[in-house]
There are 2 protein chains.
Amino acid sequence: MSEVKAYGAKKESANLESMKIERRDFTNDDVEIEILYCGVCHSDIHQVQNDWGGSKYPVVPGHEIIGKVTAIGKDVSNFNEGDLVGVGCMVDSCQTCESCKNDLEQFCENGATMTYNGEDKHLGGHTFGGYSEKVVVNKEFVLSVPENIDAAAAAPLLCAGITTWSPLKTWGVKEGDKVGVIGLGGLGHMGIKFAHALKAETVMITTSKSKTEDAKSLGADSVLISKDEDAMKEHKGTFDFLLNTIPVGHDVNPYLELLKVDATMVLVGAIEPLKDVHGGNLILGRKRMAGSLIGGIKETQEMLDFCGEHNITCDVEMIDMQDINTAFDRIKDSDVKYRFVIDMKSLKES
Amino acid sequence: MSEVKAYGAKKESANLESMKIERRDFTNDDVEIEILYCGVCHSDIHQVQNDWGGSKYPVVPGHEIIGKVTAIGKDVSNFNEGDLVGVGCMVDSCQTCESCKNDLEQFCENGATMTYNGEDKHLGGHTFGGYSEKVVVNKEFVLSVPENIDAAAAAPLLCAGITTWSPLKTWGVKEGDKVGVIGLGGLGHMGIKFAHALKAETVMITTSKSKTEDAKSLGADSVLISKDEDAMKEHKGTFDFLLNTIPVGHDVNPYLELLKVDATMVLVGAIEPLKDVHGGNLILGRKRMAGSLIGGIKETQEMLDFCGEHNITCDVEMIDMQDINTAFDRIKDSDVKYRFVIDMKSLKES
């Protein structure tokens, strides 16, 4: 055991303070990573506040991690010291169940170990995330980050990126498809970039006309204002795919009406009740509503490779570790374009 | 024009009376059919009562039609006089749009012509259904009925049959899959028969323990009582596919929890709001909820051929035309196993 400086919440509150916590023991299959950057995801706030229940304190959040390999276990052959790597939402899974064999570790039947607030099944205790100097991760959950993209702006790819990439690939979005991205936040802005890069006709669907210019600069071909009933009618039955990033319960019916026959809307944000989904909106037109949760490790690597080839990163605002409470407040107010990333140098300096 | 005796409702009520209505003109592409049997579908009641709005009186219901060809237009080569044929929910569509070209006439972009209460786009007026002596239908919408199956019991295949067959085929249900059929009525009993014939492990899911023996005799391998919370927990995450035949709005969440990762529940009955579908039940497990509406003509023929090969028909109770109001009342009380079929000889005798 060694000590690593990390930021976390000790009590059921969002008051964070600097502390020393013990790093997990280093096994032969582990990779030790010095963290350079860590993105700030809305779920960090939920976990710190124990909104979902089950938070184990101290919570050290952070699952959008970019860093350099500083040590490898003796059975690690896929990474070397000095490699630029990433760690996303998971750090371990059973590797033997049907989901793991199908490269869907996020649905591990024995429960994937989440990067923070997860049960460490090998060494006991719970896991600590990326608001920290270092992290130790099983080699199967370490990702190669292309050297040509901005490392800090790549951090949110590990969660916001894969969360939006995975459904586009699962449902086979291709050149020429008409794709709507609903909601322009951390997830939505990546949905637009990916749909555009996949050469889909990309439509930003938002309640807010003020987001039009931003959406277009991110790659949207056009913007559909969901409160404009005439515009919604005009687009009725014309979408091949909808990526719904709205993070709270909402009325999905107006969006389902936008789908073509056999087309699909995928939810990635709303882990909440959706009010009165009308069965007719699915039956008449044989439409589909599905969910999607991050992505498997293989798919995450494919996404990172695609980002390297297409020079895609996230739009980020850099902060110091000491600014985290302000950042949390601004995220709650939707006041960030589009993701905060912590420069971990600031932790060392504190 | 000629006159055909038919049963229909003249006013906004379910009071039916015998009347004479004019048959549509006979075109070169038409097939004239003497109706032998016609199934009674719950939607017949909805249309007669104008529950969905838009009913045009007189309504002559009936879209589960079995009959003999009595005349063919000069451009008809796929049928001959004397053939045993069926007509389902549609009698025409544009044949040129993308949906029609994809054998999905039910989603014709220009609007399929429904068998009754539909707008006749060639000759004007509205269409009259199968509670009648004869019907004239475009050759593309006439189906061949295998001679080896009971013709009367085949009638409901044209609606209840294809409605349950289509989603099983669309979603690739295959041997060994664990398939749940939710709800045991006219649709559900066909869902069980088809899932069983496709060699799936077929589970009847019902609120009512009293339906156990019937479900097993129809081909269910086992019965899951949805009110039994322990049993539901035991089956959680184990189903490859769910066919939900419940005809009214309901809480779908307990059923979604039964699905495996990536598995699908298809709604075929509930053209109504579904209370508070929880987004987490789709996102966590990447599950899918879809709709399905009858089926295309090609698929309906495939279903009928499959029924011929596997000797599948519906479980029916035969009635005379004069018993229709009692039958409607009994359908409303769910008091039929599992479909009424009208013997049209009774109409001639009246």
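## Briefing on a predicted two-chain model

Setting aside neighbours within four places in sequence, A:Tyr255 is in contact (heavy atoms within 4.5 Å) with A:Ile182, A:Ile205, A:Ser226, A:Met232, A:Leu242, A:Asn244, A:Ile246, A:His250 and A:Met265. The model is predicted, so that local features need pLDDT of at least 70 and side-chain atom pairs count only at pLDDT 80 or more, while totals for chains, interfaces and linings use all residues. Residues are numbered from 1 along each chain as its sequence is written, chains are lettered from A and ligands numbered from 1 in the order in which they are written, and side-chain values use heavy atoms, with hydrogens and water left out.

**Residues in chain A**

- A:Tyr255 belongs to helix H8 (residues 253-256) of chain A, where helices (H or I, at least four residues) and strands (E, at least two) are DSSP runs numbered from the N terminus.
- With a relative accessible area of 9%, A:Tyr255 is buried, a term that means under 20% relative accessible area, as against exposed at over 50% and partly exposed in between (1.4 Å probe, protein chains only).
- Between A:Tyr255 and A:Ala71, which are 184 residues apart along the chain, the C-alpha atoms are separated by 49 Å.
- A:Met90 is placed in strand S6 (residues 90-92) of chain A and is buried, its relative accessible area being 3%.
- Apart from neighbours within four places in sequence, the contacts of A:Met90 include A:Glu105, A:Gln106, A:Phe141, A:Ile294, A:Gly295 and A:Ile297.
- A:Leu187 is found in helix H5 (residues 186-197) of chain A and counts as buried at 18% relative accessibility.
- When residues up to four places away in sequence are not counted, A:Leu187 touches A:Ala160, A:Thr163, A:Thr164, A:Thr245 and A:Val268, whereas A:Val76, 111 residues away in sequence, is 33 Å from A:Leu187, C-alpha to C-alpha.

**Helix H11 of chain A**

- Within helix H11 (residues 324-332) of chain A, the residues A:Ile324, A:Ala327, A:Phe328 and A:Ile331 are buried.
- These residues lie on the same side of H11(A) because they cover an arc of only 100° around the axis, the arc being that of the directions from the helix axis to the C-beta atoms.
- An α-helix has 3.6 residues a turn, so residues three or four places apart point the same way.
- Just after H11(A), A:Ser334 adopts a positive phi of about 55°.

**Strands and a helix residue in chain B**

- Strand S8 (residues 134-138) of chain B is mostly covered, with 4 of its 5 residues buried.
- Strand S3 (residues 30-40) of chain B pairs with S8(B) in the antiparallel sense over 5 bridges, where pairing requires that DSSP finds at least two bridges between two strands.
- Along this pairing, B:Val135 in S8(B) is the bridge partner of B:Ile33.
- B:Gln47, which lies in helix H1 (residues 42-48) of chain B, is buried with a relative accessible area of 17%.
- Leaving out neighbours within four places in sequence, B:Gln47 has contacts with B:Trp52, B:Ser55, B:Tyr57, B:Val59, B:Tyr116 and B:Asn117.

**Cysteines**

- A search of the whole structure finds 0 disulfides over all chains, a disulfide being a pair of cysteine sulfur atoms within 2.5 Å.
- B:Cys38 is in no disulfide, since the nearest cysteine sulfur, that of B:Cys41, is 9.7 Å away; B:Cys38 also counts as buried, at 0% relative accessibility.
- B:Cys108 is likewise in no disulfide, with the nearest cysteine sulfur, that of B:Cys94, 3.6 Å away, and B:Cys108 is buried with a relative accessible area of 8%.

**The two chains together**

- Chain B can be laid on chain A with an RMSD of 0.0 Å by a turn of 180° and a shift of 0.0 Å along the axis, the copies being superposed by least squares on the C-alpha atoms of residues with pLDDT of at least 70 in both.
- The two copies are therefore related as by a two-fold rotation axis.
- The same surface serves both copies, in that 100% of the contact residues of chain B recur in chain A.
- In the interface, 34 residues of chain B are in contact with 34 residues of chain A.
- About 2800 Å² is buried between chain B and chain A, and carbon and sulfur atoms give 68% of this area, which is the accessible area (1.4 Å probe) that two parts lose on being put together, summed over both.
- On the chain B side, B:Phe107, B:Ile283 and B:Arg286 lose the most area to chain A, together 24% of what that side buries.
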